[in-house]
Structures are given as structure tokens and as C-alpha cells.
Amino acid sequence: MTPARPDARTLIDTFLDPGTWLSWDEPPADPSPANPGYAEELAVTRARTGYDEAVVSGEGLLDGRRVAIVACEFSFLAGSIGVAAAERLTAAIERATAERLPLLAAPASGGTRMQEGAVAFVQMVKVTAAVAAHRAAGLPYVVYLRHPTTGGVFASWGSLGHVTAAEPGALIGFLGPRVFEALHGYPFPEGVQVAENLFARGLVDAVVSAEDARRVAIRVLAVLCAPREGLDPGPEPDEWIPVVQAWDAISRSRRDDRPGVRALLKLGASEATSLNGTGVGEHDPGLILALARFGEVPAVVLGQDRRRQRIDAPLGPAGLRVARRGMRLASELGLPLVTVIDTAGAALSRAAEEGGLAAEIARSVADLVMLDAPTVCLLLGEGAGGAALALLPADRVLCAQHGWLSPLSPEGASALLYRSVDFAPEIAEAQGVRSTDLRRDGLVDRIIPEFPDAAYEPEAFCRRVSRALEYEIATLLRRPPADRLAARLSRYRRLGVG
């Protein structure tokens, strides 16, 4: 038996703190329909459902934070959007923008209201423009897709969230299956237009109930709405680094029990919410995209997950497109960006080549070096080849004591130079890949010590990293954006030439 799904008002009550809901809705102005039966249909629907339109809008508190919310009511003419509903939506989005409120949207709709024809269809442009203006103002937009969400609603304001969750089992797709079957004479393939498949394809960030969606929204807004000014970096972290041999550092960085980016988020971050995929149909398990806080400092985190790269596949072009989604998120919302490098190298395969791996590395480097947000790079472990370079350019570069950076893995460089991997330790030493060499050459600003190895002290190490990230980000936030960018460009322009 299909579980009951909340209507718009119940959903809003589930999302918001009790007793804080305030409606923004004005009585709708009905159009003059060409079909005289439409006015009667509207009247009957209003009496039956207790709703005056397919959209409800207003504000309330979410864990004490003032937010705006718009939600569809599917029982009102299948949640379809006509002129009045679109006007209500647009007015609410514009008010949220004017009052600088984060906006939560909960669509559930069959799309355009057919009774109103082309004029209703083009209303989606108006709604989309309002969402685009809200995002351009640097304000969060969080979407919860409900059952069902199809047609023009999914193809406009339903697909523009900074973060998007979906209701379990929800039908979500562009063309409704009933329309498809009527047009083509056979049913649409099962399991395609369902929330869980969208998650698997990297199109939504989570599949959660309404109660869990509230908790997700609270965590997300704790980062997206965190203050960027007046943050105290505290005292500068201590740094004492013993010198180790390059091959010893490389060997330690490859230990299976060495903490990676997931451990850093779990043990070091004070708040962390993972996002999923590119949002346009791709994902890569080797690249983590998350919203996190280190102490009080918010950040978008892009982290290479070395373990998942070993289990599933090396980092490919889709992973870099996930990373570029994170860069756009940081830029649009003015959030600091943390990149975490820990990779044995990018994928070497036909699929990677045909998927544009080299071009994605180039675009990632270009986007990152020109990003208008504060950036900190953490060399956490392995740093081999173009996959590492793609996440390297930053205002500040930190390196774990046993982290390293190289154009190829030492074995690859040995094979290239000597047609044998046997000379990897000597090449690593000669190339200056270890943390102390990288700092000497101006590639690294700070080394984070390991006592004596991160694998032996994972929690203490992750907290040490978190403290260093908090200090660096808070310090960067005090600098004017133009000065940060100028210094970053100057840094890379001078590298290697004094």
C-alpha cells in the first residue's frame, strides 16, 4: 500500500517550527477563460480541496531561521501552473529576494495548466527569471521534489536548486508517463522517472522523507547562511615538521588506514552535508562534494576519495564536472571553497578520453584560479598528475606532512624515463615531491604535522587539519576579494622564476 503523502499545508507544518507559518497569499485573480466550464471547475476544486490555487506561499522559522517557502498542492487541478499560480509563485520569490531570505520550494505538479493554454505555458519563463534573480543575489534556493513533479515545473523552478532533495518513490520526469503512452502507444520504461534513479544518476542530492528533508534543510542552511564577516581565526596553528624521505612519505600516504576526506568531514568538521553528482546526470564516487563548517567557518568542500577511486574507478571527467558544480556553488553564494587532493591519478581509459578528461582538467584549473571566492587547497595524501592539478590552484595551499605532488606517480615517471618502475624512489627524491620540498619551492604555504603518521592518530590529525582550515579561511575572509584574486594570480605567475 502506497504511504499517504502530505498535502502542501501538512508539508509546510512538517518543515517549519511550530506556530511560525505566515501566509503571503493574496486572493488569486482568475483569468477570463475561453472555456466557460473552466470557471466552474475552479470553483468546484476550491470547495473540494480547501485551497484557492495550486500554490501556497509564505514564511516561517526553520530551526529559528527565517525562511520563505513555496509549495504546490497536487489535489488542486494536479498542481498545474496557470497565470494566477505563476503570479503567486513569482511574487513570493521576488519578496524572498527583496527581504534576503533563503527560499525553500516544494513542487508537486503535472506541469502547465492546459485549460489556460500558451499563456500559462510561458509563465514558466517568468518564474525561472525570478529564481535566477534570487540566485544572482547570492541567496540560497533549496528544492524538495514531491510526487509527482513533471512537465514545465520540473523543467523550470523544480530543477534550479542549489541543493535538491526528492521524496522517496516520487515520480519525477519531464514528460508524464500517461502522456507518453497516449502519444506512443506503449508505456514509458519503468524505474526511470523515479526519485531513487535520479539520485543514482547524480540528478538529486538526497532521497528523504519530509521529516528528514527538514533536517537536511537545517544542515544545509547552517552552512549556506553562515556569517562570512567578523570570524575570529584564533591563534596561528603550530607547525613543527621533521624531514622524512620522499619515498617514506609516499608509502605512508598510500596506507589503507590513512584518514581520507570522508574521515576529515566526519572527525574534523563541525557540520557536514554531502551533495550528489553534477545535477545534470553524472556522478563520480571518487569525488566528494559537501557543505561543511570547520569550527564556525563555512565552506564548500571538494574532496578526492582515494578509497572509492580504488574500489570503483580512477577519477574521470564526471568527477571534475562534479567539482566544477561545487566551484559554481561557492562563487554564487560567496562561500569559501576547500579542495582536498588525494589521488593516485586520473582515469586512463577510452571512456575518459572520449568523455573529455583533458578538457575538464583545463576547465577546472581555469575556473579555480579565477574563482572570486576564498580558496584553500589541502594536499591530504597522494597527489599524482592532472587529477591533482585540477584542484590545486588556491589562495592558500596546505599539505599534510606525508602528502606529496608530482606530474605522474613516481612509478609512472620511472617507467617514462627508464622503461622500468624500479627507480621510483630515486625519482621521487629528485623531483622534490614531498611537503617540505613543496614549501621550499613556494607551492605550499603550511605543512600540517603527523605524529608520527596520520594513520596512527586519525581523530587528532583530522582535528588538526580542521583547525588549520578554520584559521586560513577566516584569515582570507578578512581580505578584499580583488586583493585575494590579484595575490593568487601573482603567486602562480611567479612560480619557478623567483
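Which side chain meets D25 in a salt bridge? The partner is R88, at 3.5 Å from N to O. The views below come from a predicted model.

**View 1. The D25 and R88 salt bridge.** The side chains of D25 and R88 meet with an N to O distance of 3.5 Å. D25 sits in the loop between β1 (22-23) and α2 (36-49), and R88 sits in helix α3 (residues 83-98), so this pair ties together parts 63 residues apart in sequence. D25 is partly exposed, with a relative accessible area of 23%. R88 is buried, at 9%; the cut-off for buried is under 20%.

**View 2. The K126 and E87 salt bridge.** The closest N and O atoms of K126 and E87 are 3.0 Å apart. K126 belongs to helix α5 (residues 123-136) and E87 to helix α3, so the contact ties together parts 39 residues apart in sequence. K126 is partly exposed, with a relative accessible area of 30%. E87 is partly exposed too, at 41%.

**View 3. The E472 and R446 salt bridge.** These two side chains, E472 and R446, meet at 2.8 Å, N to O. E472 lies in helix α20 (residues 458-477) and R446 in strand β16 (residues 446-448). The pair links distant parts of the chain, 26 residues apart. Both E472 and R446 are buried.

**View 4. A salt-bridge network.** R254, D256, R306, R310, D342, E382 and E411 are joined into one network. The joining salt bridges share partners. For the whole model, the count comes to 46 salt bridges.

Notes
Residues are numbered from 1 along each chain as its sequence is written. This is a predicted model: local features need pLDDT of at least 70, side-chain atom pairs count only at pLDDT 80 or more; totals for chains, interfaces and linings use all residues. Side-chain values use heavy atoms; hydrogens and water are left out. A salt bridge is a side-chain nitrogen of Lys or Arg within 4 Å of a carboxyl oxygen of Asp or Glu. Helices (H or I, at least four residues) and strands (E, at least two) are DSSP runs, numbered from the N terminus. Buried means under 20% relative accessible area, exposed over 50%, partly exposed in between (1.4 Å probe, protein chains only).
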